[in-house]
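I am opening my notebook to look around one protein chain, step by step. Come along and keep the picture beside you.

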Amino acid sequence: LFEDWRDKVEYLIELGKERAAAERRIEASLPVGIDMTKVADQPRAVATSVNEFLRVLVEALAIVLAVSFLSLGLHTKPLRVDPGPGLVVLATIPLVLAITMLGMWMLGINLHKISLGALIIALGLLVDDAIIDVENVGRRLRENAKRPASERLPVLEVVYRASTEIRHSVVFATVIVALVFLPLFMLSSVE
């Protein structure tokens, strides 16, 4: 998917350079008083879209990670920041992007402005789900640690139970939000 997209972007940019050279040749041969006016510049629009997507992605990642590390890992007694929960959220980001790209590739969806926006939305939704899960797992682990040693459950069992107890709520909330955006994907004129 990325290779196909990169090839298209490179092709459009190269086409734009060739078109600019052709415009200069044609404009030089036009009679005095006749000027050419560029109405649209597709290569520049593509480059701008890619740059905007990358900028928004980096900003979103920075905000999500800052909030994750502080809100999930900040402890007041004693005052410290536990990087573990933030690292779990950080690990979901490449996973989300890979799964989303795989799904887009399988469905034959190319990268356009609308699909780039969908990537940002998918990233936000699934990172939000990871934050909810990490918070619940952390709470259950703290509760388990307060139990007498003889009643404590194995850590993996606590993690599994904590994740499964909220799974349906998280999945349904994500599906509902995704359904809100579904009509946008049905627009054939938006690319």
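**Entry 1: A22**

I began with A22, which sits in helix 1 (residues 2-29). Helices here are DSSP runs of H or I with at least four residues, strands are runs of E with at least two, and both are numbered from the N terminus. I then looked up A22 and M101, which are 79 residues apart along the chain, and their C-alpha atoms are separated by 37 Å.

**Entry 2: What kind of model this is**

I noted that this is a predicted model, where local features need pLDDT of at least 70, side-chain atom pairs count only at pLDDT 80 or more, and totals for chains, interfaces and linings use all residues. Residues are numbered from 1 along each chain as its sequence is written, and side-chain values use heavy atoms, with hydrogens and water left out. The pLDDT is the predictor's confidence in each residue, from 0 to 100. The chain averages 81, and 93% of the residues score at least 70. Where is confidence lowest in the chain, and where is it highest? I found the lowest mean, 73, in strand 1 (residues 74-76), and the highest, 88, in helix 5.

**Entry 3: M36 in its loop**

Next I visited M36, in the loop between helix 1 and helix 2. M36 has 34% relative accessibility, so M36 counts as partly exposed. Setting aside neighbours within four places in sequence, I found M36 in contact (heavy atoms within 4.5 Å) with E23, I26, E27 and L30.

**Entry 4: Salt bridges**

How many salt bridges does the structure hold? I found 8, taking a salt bridge as a side-chain nitrogen of Lys or Arg within 4 Å of a carboxyl oxygen of Asp or Glu.

I picked E59 and R55, whose closest N and O atoms are 3.1 Å apart. Both lie in helix 2, 4 residues apart, which is about one turn of the helix. E59 is partly exposed at 38%, and R55 is partly exposed at 44%.

Why are E143 and R139 about one helical turn apart? They are 4 residues apart in helix 4, so about one helical turn separates them. E143 is partly exposed, with a relative accessible area of 35%.

R139 also meets E165 in a salt bridge, at 3.7 Å from N to O. This pair links distant parts of the chain, with R139 in helix 4 and E165 in helix 5, 26 residues apart. E165 counts as partly exposed because its relative accessibility is 39%. I jotted down a network of salt bridges linking R139, R140, E143 and E165.

**Entry 5: Helix 5, inside and out**

I stayed in helix 5 for V170. V170 counts as buried, because its relative accessibility is 15%. Beyond neighbours within four places in sequence, V170 is in contact with D129 and I132. The C-alpha atoms of V170 and L126 are separated by 9.5 Å, although the two are 44 residues apart along the chain.

My last stop was L179, also in helix 5 (residues 155-185). L179 belongs to a nonpolar surface patch with V171, V175, L182 and M186, and together they have about 460 Å² of accessible area. For the patch, I used residues with over 30% relative accessible area and no salt bridge, with like charges joined within 9 Å and nonpolar side chains (Val, Leu, Ile, Met, Phe, Trp, Tyr) within 5 Å. Accessible areas come from the Shrake-Rupley method with a 1.4 Å probe, and for residues only the protein chains shown count as cover.

Conventions:
Buried < 20%, exposed > 50% of the residue type's maximum accessible area, 1.4 Å probe, protein only.
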